[in-house]
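Me: I have a model open and want to go through a few of its residues. Can you take my questions as they come?

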Amino acid sequence: MVGIAILGYGVVGSGVYEVIRKNAKSITRRAGTKIDIKHILDIRDFENHSEKNLFTKNFDDILTDTDVSVVVEVMGGVNPAYEFTKRALMAKKSVVTSNKELVATHGCELLKIASENKVHYLFEASVGGGIPIIRPLKLCLAANEITEITGILNGTTNYILTKMINNNKTMSDALKRAQEKGYAEKDPAADIDGIDAARKIAILASLAFGKFVDSAKIPVAGIRNVTLTDVEYAKKLECVIKLCGHCAALENGKVDVFVSPCFVSKESPLSTVDGVFNAILVKGNAVGDALFYGKGAGKLPTASAVVSDIIEIAKSGENTFSPVWEDKGDVLENPKNSVSKHFARIKAENKNEMRDKILSIFDNAQIIDIENGEIGFVTENMTAEGFNDGIEKLNVEVISTFLVLS
């Protein structure tokens with residue numbers, strides 16, 4: 001038997017409880033032993049709950065219970081989740097979490113503590129919700145050198161952009177609809193400003209390349225300023241706009257990482273990912289391209305991933321599969337050296353004159369003309385520094401810019 005304690009009885013915590021109770025027989029069969037809920041920590045009272053005896057407000061009840069071998073941290077945020085996780089690992093209790101903010105911020109330290117105490121720190125649910133991605137990277141793709149990962153990592157922004165692309169909704173109207181359906185928070189900043197996606201791509205990059213990537217240092221651009229005119233330019237280029245998290249290993253040992261709204265070619269499988277769905281495209285030097293697709297959030301999909309980690313611990317016994325990330329300081333490549341195709345919308349009173357000027361500065365640029373008083377163009381692959389220098393030479397008002405992914 002594996003005794004567990006659930007920290008937090010919100011959306012995910014109640015989902016974990018529900019999945020374990022609902023699928024008890026199949027979980028026991030797959031784990032090889034019963035998963036038994038011993039405690040649920042929450043500051044609220046649940047007097048009407050059918051198992052109200054499980055609830056406690058005191059973390060020490062969990063820490064001192066020798067029957068608890070796995071702590072399920074689904075509280076969210078850094079504090080007190082960080083303190084509770086650290087104390088649990090040091091007490092030689094494994095920890096399973098869906099807390100992307102905590103993993104992205106303190107994952108390197110917590111993985112080291114887990115390794116030193118010969119316990120697990122697993123976080124399958126922290127990136128793709130119900131999409132299996134962490135374990136495949138660790139195990140199924142272990143024979144590969146991962147060279148690149150690009151993902152649509154936030155369902156809220158993907159839903160908003162889908163509404164803009166398919167239903168001609170403005171950003172504000174699409175956001176309002178997302179909030180009405182419960183896909184977006186009242187304060188949507190973490191989603192639409194790219195913060196959530198940055199935490200997830202930081203975790204994936206750290207895992208893929210074995211080096212701690214600090215999410216706070218990743219260049220991030222959100223979707224607040226995306227307009228329907230931008231959408232039309234993308235369509236003209238046979239692209240759609242997606243908020244993408246991207247990481248790639250470079251020959252100099254650095255890691256190129258960014259989060260940004262991008263023009264994604266309709267030839268890419270990521271271009272067809274709509275609504276609240278997420279997708280992660282992994283490139284390995286042996287397997288080639290591998291696509292992971294599904295709902296990236298939600299009560300039961302996320303709970304499913306959490307419980308899968310509990311089952312993994314139950315099956316592995318004393319063996320530990322927690323990775324350890326090297327913390328060698330800043331491993332991020334300078335953003336100015338990042339290479340990509342770039343799209344720009346600029347003011348152009350005299351389009352013929354501006355077209356000639358663009359082509360004189362950006363060799364082989366592709367010109368797109370769909371709007372009065374402005375012009376759009378796509379560059380060849382070039383560094384961000386080279387692109388910015390070229391824009392400065394144009395000496396015009398820039399309306400918007402996007403990276404272009406094939």
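**Contacts and backbone**

Reply: Starting with contacts in this predicted model: beyond residues up to four places away in sequence, Asn278 touches Ile131, Ile152, Leu153, Asn154, Gly155, Lys200, Val273, Phe292, Tyr293, Gly294 and Gly296.

Me: Is Asn278 buried or exposed?

Reply: Asn278 has a relative accessible area of 1%. The cut-off for buried is under 20%, so Asn278 counts as buried.

Me: And which strand is Asn278 in?

Reply: Asn278 belongs to strand β10, which covers residues 277-284.

Me: Switching to the backbone. Which residues does the cis peptide bond join?

Reply: The cis bond links Asn79 to Pro80, with omega at about 5 degrees. In general, most peptide bonds are trans.

Me: Where is Pro80 placed?

Reply: Pro80 sits in the loop that runs between β4 (68-73) and α4 (81-90).

Me: Now phi. What is the value for Asn168?

Reply: Asn168 has a phi near 60 degrees, which is positive although the residue is not glycine. Most residues other than glycine have a negative phi.

Me: Where does Asn168 lie, and is the residue buried or exposed?

Reply: Asn168 is in the loop between α8 (155-167) and α9 (171-180). Its relative accessibility is 54%; exposed means over 50%, so Asn168 counts as exposed.

Me: What about phi of Glu238?

Reply: Glu238, also not a glycine, has a positive phi near 60 degrees.

Me: Which loop holds Glu238?

Reply: The loop between α12 (228-236) and β8 (239-249) contains Glu238.

Definitions and conventions. Residues are numbered from 1 along each chain as its sequence is written. This is a predicted model: local features need pLDDT of at least 70, side-chain atom pairs count only at pLDDT 80 or more; totals for chains, interfaces and linings use all residues. Side-chain values use heavy atoms; hydrogens and water are left out. Helices (H or I, at least four residues) and strands (E, at least two) are DSSP runs, numbered from the N terminus. Buried means under 20% relative accessible area, exposed over 50%, partly exposed in between (1.4 Å probe, protein chains only). Contact means heavy atoms within 4.5 Å.
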